[in-house]
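Subject: The structure we talked about

Hi there,

Here is the structure I promised to pass on. Please open it alongside this email, and my notes follow just below.

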Amino acid sequence: MKLHKGVDEKNQLLHEKHDTRYKRAALSSNAKKVLFTASVFASTCLLLISKFGRSESYSTFLHPPTVAEFQKCSTRTFLDTGLPFLSFASPLPISEFASRRNSLAKALLRDRVDAFIVEPGYTFKYYANISQPDWEVWEPEERPFLMIVQPINSSTGEITATTRFLAPSFEVERARLLGMPFEEEVEFIAWQEHWNPYSTLLQNWDTSSPSHGHSIPKPTVMVDDEMRDFIQRGLSLSGFNVVGLGGEVEKVKQTKTPREIELIRAVNTGTVEAVRAMRKCMYPGLTENEVMNVLDDTLRAAGLEPFFDIVLFDEDASNPHGGTDGSKVLEAETFVLIDVGAHLHGYSSDICRTFFPPFFPEPSSISYLSPATEEKLAVWDTVLEAQTQSMHALRSGNTAASVDIAARVVIEKAGYGDAFTHRVGHGIGIKAHESPYLNKGNVNVTLSAGMTFTSEPGVYLVGRFGVRHEDILLVKEEGEPEILTGRRATGPWDP
């Protein structure tokens, strides 16, 4: 990877960058090495003989640790926090789903669309709490099971949702047993195996629609991006006008309710705290796979279910999503990058931290560090500043593109523009990656209060190391976004 500054100039900038964090010392090269070696030795000795009267950590192991001890230490350290992030996290009540469907109905009316049709997946789960595996544990099959949400005028004149389900006749009873979140009895349109299911739906269509205010010969239905092509074509060939997801309808799921925000806060804060607890127990010689497995079980101890976990050391992290075999071994000056996600009550976390292991002590002066480690620190700070600037841009009324650009400018000015190889972030909710997407080309999407995003700038130096910081942010009505990951990292020794 070509850098934009010469080695001498780069090192000078690195020293200047860190003068505010470390007090410089005028030492010879040999003296630096001796002092640093002594510092590491002394710190390690103190760590190994100390007991602090709190949760186990690397410092409490009085003999060579094992992975089993690492797991025990990580889990206990995490549980000893008391898990305060779980205080306001609880399963969503039926009323939450009813409110969402009513919001969808109003959005359909504003978009002049007659109905919203989805099959089991993330959007179906958002409105009816059923995922694709909940319905078909084996695999997505060819028989359509569809949810149809239409706006109706209630007796009070308010627009509300009416919801029906198109299902194979032999599956109707199984569908009833799913326990979908409805206060009223669920209505089904059943179709026999030898019938056309889409024609059956049209024959049972409610031909009056407040979206148009008159009888509709060809209903306009909106589908989401999870709808399989053969179902969309089947609807079109049977007399429906099919349109893709967009407009006010798309914004319903993008705009989080207060209950959703608390769940997103809980699962993301908990995931960060699990990484911090696990880090305290790390020791030399661990592999990436061992760290991954211990972190996964640490999350599970608090009721969080991991669904992805990327653990990368040094040069393995120069590819943002890894791809290596997980066998690289942890050493003192290793830069550890962990990108991990878990689920809690159906909501996703997606966080990333980059840090040094606990047995590599923070020096009192940058002069004690090698040039390679100095550059790691400088890149870490650059990426954090890029994240800070992206947060300043994450405001209601700004474009999605502006957030990416704000972070990218920082990294480009530092000379690492070519090493920032992906967008700065994405929406997050029940799905880890949701729209809107924060990339510099997304100039037509405007941010609004209630949207939640990742901010995850990164720098990846091929064959050397990678750095990424990722936190979850809530767009507010006014001012700076709210952090939903508890707190941001403050340094590679305090992620």
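Let me begin in strand E14 (residues 434–438), where you will find Pro 436. The peptide bond that joins Ser 435 to Pro 436 is cis, with omega at about 0°. Please keep in mind that this is a predicted model.

On that note, a word about confidence. The average pLDDT of the chain is 89, and 85% of the residues score at least 70. Residues 1–29 are another matter: their pLDDT is below 50, although the model gives this stretch 58 contacts beyond near neighbours in sequence. Residues 40–55 also stay under 50 in pLDDT, and there the model has 20 contacts beyond four places in sequence.

Now to the sheet. Strands of a sheet pair through backbone hydrogen bonds, in either a parallel or an antiparallel way. The one I looked at is open and has six strands in the order E4-E3-E2-E1-E7-E8, with mixed pairing. Its edges are strand E4 (187–191) and strand E8 (241–244), each of which pairs on one side only. On average, neighbouring strands of this sheet are turned by 30° against each other, ignoring direction.

Within the sheet, strand E1 (residues 115–118) and strand E2 (residues 146–153) run antiparallel and are joined by three bridges. If you want a pair to click on, Phe 116 has Val 149 in E2 as its bridge partner.

Two helices that pack on this sheet deserve a look:

- Helix H4 touches E1, E2 and strand E3 (159–168), and its direction makes about 100° with that of E3.
- Helix H9 (residues 229–237) touches E1, E2, strand E7 (220–223) and E8, and its direction makes about 145° with that of E8.

H4 also has a helix partner. How do H4 (residues 94–110) and helix H10 (residues 247–254) cross, and within what distance do their axes come? The axes come within 7 Å and cross at roughly 160°. Angles over 145 degrees count as roughly antiparallel, and H4 and H10 are therefore roughly antiparallel to each other. The crossing of H4 past H10 is right-handed. On the H4 side, the contact is made by Arg 100, Ser 103, Leu 104, Ala 107, Leu 108 and Arg 110, and on the H10 side by Glu 248, Val 249 and Val 252. Sorted by class, this contact has five nonpolar residues, one polar residue and three charged residues.

Gly 270, Thr 271, Ala 274, Val 275 and Met 278 of H11 meet Val 291, Val 294, Leu 295, Thr 298 and Leu 299 of H12. By class, the contact between H11 and H12 has seven nonpolar, three polar and no charged residues.

Happy browsing, and write back whenever you like!

Best wishes

Technical notes:
Residues numbered from 1 in each chain as written. Predicted model: local features only at pLDDT ≥ 70, side-chain atom pairs only at ≥ 80, totals over all residues. Heavy atoms only, no water. Axes fitted to C-alpha atoms, helices over the stretch in contact; angles between N-to-C directions. Helix = DSSP H or I, 4+ residues; strand = E, 2+ residues; numbered from the N terminus. Parallel < 35°, antiparallel > 145°, perpendicular 65-115°, else oblique. Left-handed = near helix turned anticlockwise from the far one by under 90°. Contact = heavy atoms within 4.5 Å. Nonpolar A, V, L, I, M, F, W, Y, C, P; charged D, E, K, R; others polar. Pairing = 2+ DSSP bridges. pLDDT = per-residue confidence, 0-100.
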